[in-house]
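The sequence and structure come next.

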Amino acid sequence: MPAVGYEVDGEIAVLTIDYPPVNALSLAVREGLEAGLSQARDDAAVRAVIMVGGGKTFIAGADITEFGTEKGNSGPSIAKLEGILEHFPKPTIAAIHGTALGGGLELALAAHVRVAVAAARVGLPEVNLGILPGAGGTQRLPRLTGVEAAVDIMTTGRHVPAADALALGILDEIVAELRPGAVAFARQVIAEGAKFQPVIERNEKLRGVDPAVFAGLRKSVAKKARGKIAPMTIIDCVEAACGMDATAGLRFEREKFHSLYANDQRPALMYYFFAEREARKVPGLTAEPKKIKSAAVIGAGTMGGGIAMVLANAGIAATIVDINDEALAKGMATVRKNYEISVSRGSTSQAKMDAALGLITTATDYADIAQCDIVIEAVFEKMELKRSIFAKLDAVMKPGAILATNTSSLNVDMIAAATARPQDVIGVHFFSPANVMKLQENIRGEKSSDQTIATVMALGKELGKNVVLARNCDGFIGNRMLQYYTGEAEFLLEQGATPEQVDRVAEAFGMPMGPFTMRDMSGMDVSVLVREERRKTLPPGERLSPVLERLVQRGRKGQKTGKGYYRYEGREKSIDPETTEVIEEVAREYGIERRSFTDAEIEARLFAPLVVEGAKELEDGTAIRASDIDVAWVNGYGFPAHKGGPMYWGERYGLDKICELAFEAEARNGPRWAPGPLLQRLAAQGKGWKDA
Ligand code: T1G
């Protein structure tokens, strides 16, 4: 099958790009388009050309797998194809369904007109790969949408629904049916003898733009970029579009594209792109997932309500169960409020809110949920409470229903053992707020069946989550590693660093928030409860720093009490001498001589333990791949994607240096901090995770 099919429908040539899975602009597709366009140009019977995607989508961009390869650097470039389209002697129409992304949308922007079906989405998400739309996107998009909208679309990488794209001027028409609609549109164009000005020549929206606009955009985008450089470079390109002619603007864009391409963030973000896709695949798992049409959630608290929203947003009917109507009313009020906030922020529409709320019901009787395909328990982290709920579910749920627990750290096998059907029990760990956080950490129990695993892995994708599969253990993939990150942060305080310094280093590294600000926000008393369980499992001679407990004993529970590690006036935080006093008191008690630390020392001490524990998770099979650990940390804990994730970062930092730091941590903190055999071997051999 040629990558690009050529047919003539009356006076219209139809070029169908058919290059699964996403019709990326591979060499074969680019050559096919060039050949098809030249055939259409030379065929006198042809009076217009349509480009359309075969399968489920239009073109999803340049072929990322060809980057840096001979194929990627040969044949007609996207820019060359755009030149052909823009100066084509007959009307050219891009007919879009599924997604038109990156180079795919850029090519469409070079066509004379763009039509799409209502469900289509368009976007320029190159920023997620550490690059920018390098085939004219930064120059053509603002000419259609104006500067602000273009910067928003390119710096967020978001997929714009067809209706919004029409309103923004990206699309010219929404058609009911793709092919017949596009052909009808082409016939109308021919009949009207319509003439089209190439997008690159339309300058109205770029003239007279107040330069202050760019200062404002840089400020707002920098905050969200958290150290990513591509978003800022995209603004430079759009600014250049306003100040230069098209040729110079395209040249400027190309230079900036190559500078980003050469930057370290690009390979990290491309590694991360494929890591997310790889994490969905469980080696050796061939079972067919069950279709989930209806779900129940046990517990109307924050997590339960958020999980019900996620299910309803994906079109799955969700019943929230709690002990009484009061608890259900309180839970539903929170759900409704969260939707109203999303509507007010424009991150969802009133119509979508109403549709989702229409799918959420409540119940107090377990019998009302017996026919659901899955039930997700989201109650307090108390083992006995969870076991009693699973025993009840075992008694009422239909055979084959998936019994899932949203526990964030308790033993899934112990929960499953409360039922006679452990093969249907599995951990499905959402992160708070569940309707916002992208990670779904699935935890296979010893007896979870392949079909149960396959079902929750597929469900995660349907819910728009990034999934990883962990084997049951204390803290699974994420929280198990987190205790070393926060543990070392606390020991650093005893040894002389300040909460402010540690948080500043973590945020400069790219974390959304430092460990102490995070604790103040989530409530220090909550952390104390979790640690009480952990303290019971500590090996002899090991300890947790008591600073946290001492601060809580003094009524410092975080933002909610106006003081924690910091003091708070509203959201404004400031350093509090009482915290320093407590830290110094603890240091004296343990005979610790305090000293100053460089930011680099703190960075290494904070993040190296993640790599050390991650390696142990690979060793004991808790995680299937190092890249799964990276997906969990980027999506669940805000680890910067432009650093690839802790395991990717660790490899670049040097596993030998990580190993050294681990031996130092072992000497300071105890045996649990020592490097495991895998890390020691890879460090000694100068190898990486792929050699694990
Ligand atoms: N190139 C090569 N392979 C790609 C690809 C691409 N652009 N996009 C997806 N794949 C593979 C993916 O790895 C997976 O493979 C399979 O397709 C299905 O993907 C000049 C230089 C389109 C919304 O950033 O966002 O254009 O795992 O599982 O959930 O400016 O894929 O099955 O082996 O994600 O239905 C810009 C990236 C490129 C879009 C579909 N384009 N893709 O989502 O399927 S840079 C992008 C996506 C560029 C120009 C620059 C999504 C999707 P496998 P999937 P999905």
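## Enclosed space

A cavity here is a set of grid points where a 1.4 Å probe fits but cannot get out. The model is a predicted one. A search of the whole structure gives two cavities of 30 Å³ or more. The largest cavity holds about 90 Å³ of space. Its lining is made of 15 residues, and those nearest the centre are Pro609, Leu661, Ala662, Ala665 and Trp673. Helices H18, H24 and H27 (655–669) each supply at least two lining residues, and H24 gives the largest share, with seven. By class, this lining has nine nonpolar, no polar and six charged residues.

The second largest cavity has about 60 Å³ of space. It is lined by Gln483, Tyr484, Gly487, Glu490, Phe491, Arg531, Arg543, Leu544, Ser545, Arg672 and Trp673. Here H18 gives the most, with five residues. The lining of the second largest cavity divides into four nonpolar, three polar and four charged residues.

## Helix H24 and its contacts

Helix H24 (residues 599–619) also packs against helix H19 (residues 499–509): their axes come within 9 Å and cross at roughly 75 degrees. H19 and H24 are therefore roughly perpendicular to each other. On the H19 side the contact involves Gln501, Val502, Arg504, Val505, Ala506 and Phe509, which meet Asp599, Ile602, Glu603, Leu606 and Phe607 of H24. By class, this contact has seven nonpolar, one polar and three charged residues.

Glu613 is also part of H24. Glu613 has 6% relative accessibility and so counts as buried, the cut-off being under 20%. Apart from neighbours within four places in sequence, Glu613 is in contact with Arg480, Met481, Tyr484 and Arg672.

## Helix H4

Helix H4 (residues 137–145) has nine of its nine residues buried, so it is largely enclosed by the rest of the structure. The buried residues of H4 include the charged Arg140 and Arg143, as well as Leu141, Pro142 and Leu144. After H4 comes Gly146, with a positive phi near 90 degrees.

## The second largest pocket

The second largest pocket has about 230 Å³ of space. Its lining consists of Arg47, Phe88, Pro89, Lys90, Pro91, His112, Val189, Ile190, Gly193, Ala194, Lys195 and Phe196. By class, the pocket lining has seven nonpolar, two polar and three charged residues.

## Backbone geometry

Most residues other than glycine have a negative phi, and most peptide bonds are trans. For Arg226, phi is positive at about 45 degrees, and the residue sits in the loop between helix H8 (212–225) and helix H9 (230–243). For Phe476, phi is positive and near 55 degrees; Phe476 belongs to the loop between strand S17 (466–471) and helix H18 (478–495).

One runs from Pro20 to Pro21, with omega near 5 degrees, and Pro21 lies in the loop between strand S2 (12–17) and helix H1 (27–42). Another joins Ser432 and Pro433, with omega about -5 degrees. Pro433 is in the loop between strand S15 (425–430) and strand S16 (439–444).

Key: Residues numbered from 1 in each chain as written. Predicted model: local features only at pLDDT ≥ 70, side-chain atom pairs only at ≥ 80, totals over all residues. Heavy atoms only, no water. Axes fitted to C-alpha atoms, helices over the stretch in contact; angles between N-to-C directions. Helix = DSSP H or I, 4+ residues; strand = E, 2+ residues; numbered from the N terminus. Parallel < 35°, antiparallel > 145°, perpendicular 65-115°, else oblique. Contact = heavy atoms within 4.5 Å. 1 Å grid on protein atoms, 1.4 Å probe; cavity = no way out; pocket = protein on both sides within 12 Å on 5 of 7 lines; lining within 4 Å. Points joined across faces, edges and corners; volume = space filled by probe spheres on them. Buried < 20%, exposed > 50% of the residue type's maximum accessible area, 1.4 Å probe, protein only.
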